[in-house]
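Me: I'm new to this structure. Could you take a close look at the greasy surface patch for me, and then at the salt bridges?

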Amino acid sequence: MVEPTQHNAQPQLPPPDGIDFNKLRVIVADNIAWIILIFIITNAVAYLIIRYTKDLYESVSEIKLDVKNDATELGFTAFTADEPQNADLISGEIEIIRSKLFLNIVLDSMKIDVGYYSRGDLLNHELFTNTPYIVDHKPATFNHYNVPIYLEETGSETFSLVVGEGPLEVNGRYNEPVSINGGAVVIRKNPYFVKGEDDIEFFFIVHSRDVLLNYIVRNLSVEPLNFYAKTIRVAFKDNHPQKAQAIIRTIDAVYLTYSHEQKNQANKQKIDWLNNELRQIEAKMEGYEDYFKRFTLENKTNNLDEDLKNTVSAINRIDSQRYEFTRRINALNPLIDGLRAHELRIAPALRQELPEYVFRDLDHLQQLLLQLDKLKLSYNEITFAYRELQREIDTHTARSLEQLMALKADWIKKLQEISQQKSQLETQFVNMPDKSTQFSKNERYYKLYEEFYLSLMQSKSGFEIAKAGTTTDFKILSPATLPDSPISPNRLM
């Protein structure tokens, strides 16, 4: 049987003694043209890449994450919530920075929707800090997004715009609206722009929000540095170093504000709800206060129980006055009837009710009647003395009747007035229980709303203290750097 090792045995080669330079020279001499050609091609390709590839810069910042709940020191533990720790916190914050919701807020905080460029032979260069002009547009009407619009000055204050490579050309003036197919733009000169000696053509592009958002997402990188230290690294790449630095600065600034708002979002929503409820309760309480004010002015009181007692007393007083005037009128009627019958009979109770002048005339008339009775005993009715006395008695009787009728009319008028007052008081008396019930009901509701208002105010104060106590202690450990050298292309390679 043959051994396997013998069946697979390989021939042994002698070890090389060294490089055979003679053979190497022969090979190089035979292929020198190809070597030179490969060298030229590789260097030409490297030169073209370096020459016609834009430099890419990267701005970097470092952020330390930390959340503190200081509201517990004031005894408001019920209003605070537990925060994620370490890895969960870092992962969550990284996703927030990468989210399109947050990046939209970043875009709203920056004015990069309009890009300014100088046109080159092969490459166009963006002008970020030194722009020849400033373009303002209305997103609601503008319809030429992501298309280069070339501007050529035709005078010191006039220019012409060419949209894209097409034939659309529009003339305009600086600081005045220019309509481009319904979309209005206003172009202002930049007085601080420094123009070179070369005749360079400038153009601008109004970027849509989707293009800007994709641009930010594509060039932004967020990654953790140290989970235990809770630090993250935020970097942005762009062909313009100042632009990359500006975007990182804005992201850092917006993130600090945004994170603080998000940490207090729950408390903020509760405070907003409480503010809305407090405004509604304040409106209802003001309505009740206006009702109490009107009620007091209309009823001249805000104590209906006491006012009810006063009304009953007033009705009793008016009944007494009505009885007294009725008694006087009833006592006065026989006196008037007696005078008309040439008889004078004054009731003793009526004497105190008559005015002094009426009583005096009646007393004088009574004396004249006594004289007439005495005169009848001595004289005849046709005598001059009798007739003179009779005429005087008739005159006094007529005057007394006139006075008594006027007094009766005055008493009747007063009786009617106090009767009307009694009717009004009786109407008020009938309505008072309903008014009292309505007043008590509104007063009870007002007290309930007042207690609820004070309770909501206390809750609002607690949430506001919790909001102030929950602070994001996020720190910018390293601010956005201004890159002085590109990260690509690698010229040495």
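**The nonpolar patch and the salt bridges**

Reply: Let's start with two helices: H2 (21-30) and H3 (32-52) each supply at least two residues of the nonpolar patch. Helices here are DSSP runs of H or I with at least four residues, strands are runs of E with at least two, and both are numbered from the N terminus. A quick word on the source: this is a predicted model, where local features need pLDDT of at least 70 and side-chain atom pairs count only at pLDDT 80 or more, while totals for chains, interfaces and linings use all residues. Residues are numbered from 1 along each chain as its sequence is written, and side-chain values use heavy atoms, with hydrogens and water left out.

Back to the patch. On the surface, Ile19, Phe21, Leu24, Val28, Ile32, Ile35, Ile36, Phe39 and Ile40 together show about 860 Å² of accessible area. (Accessible areas come from the Shrake-Rupley method with a 1.4 Å probe, and for residues only the protein chains shown count as cover.) To join such a patch, a residue needs over 30% relative accessible area and no salt bridge; nonpolar side chains (Val, Leu, Ile, Met, Phe, Trp, Tyr) are joined within 5 Å, like charges within 9 Å. H3 gives the largest share, five residues. Valine 28 sits in H2, and it counts as partly exposed because its relative accessibility is 32%. On that scale, buried means under 20% relative accessible area, exposed means over 50%, and partly exposed lies in between (1.4 Å probe, protein chains only).

Now the salt bridges, of which the structure holds nine. Each one puts a side-chain nitrogen of Lys or Arg within 4 Å of a carboxyl oxygen of Asp or Glu. In one of them, glutamate 58 meets arginine 233 at 3.4 Å, N to O. That pair links distant parts of the chain, strand S1 (residues 57-64) and strand S13 (residues 231-238), 175 residues apart.

Another bridge joins glutamate 201 to arginine 119, with the closest N and O atoms 3.6 Å apart. Here strand S11 (residues 201-206) is linked with strand S3 (residues 114-119), 82 residues apart. Glutamate 201 counts as partly exposed at 36% relative accessibility, and arginine 119 is partly exposed at 38%.

Lysine 243 and glutamate 126 also meet, at 2.8 Å, N to O. Lysine 243 lies in helix H7 (residues 241-263) and glutamate 126 in strand S4 (residues 125-127), so this pair ties together parts 117 residues apart in sequence. Lysine 243 is buried, with a relative accessible area of 7%.
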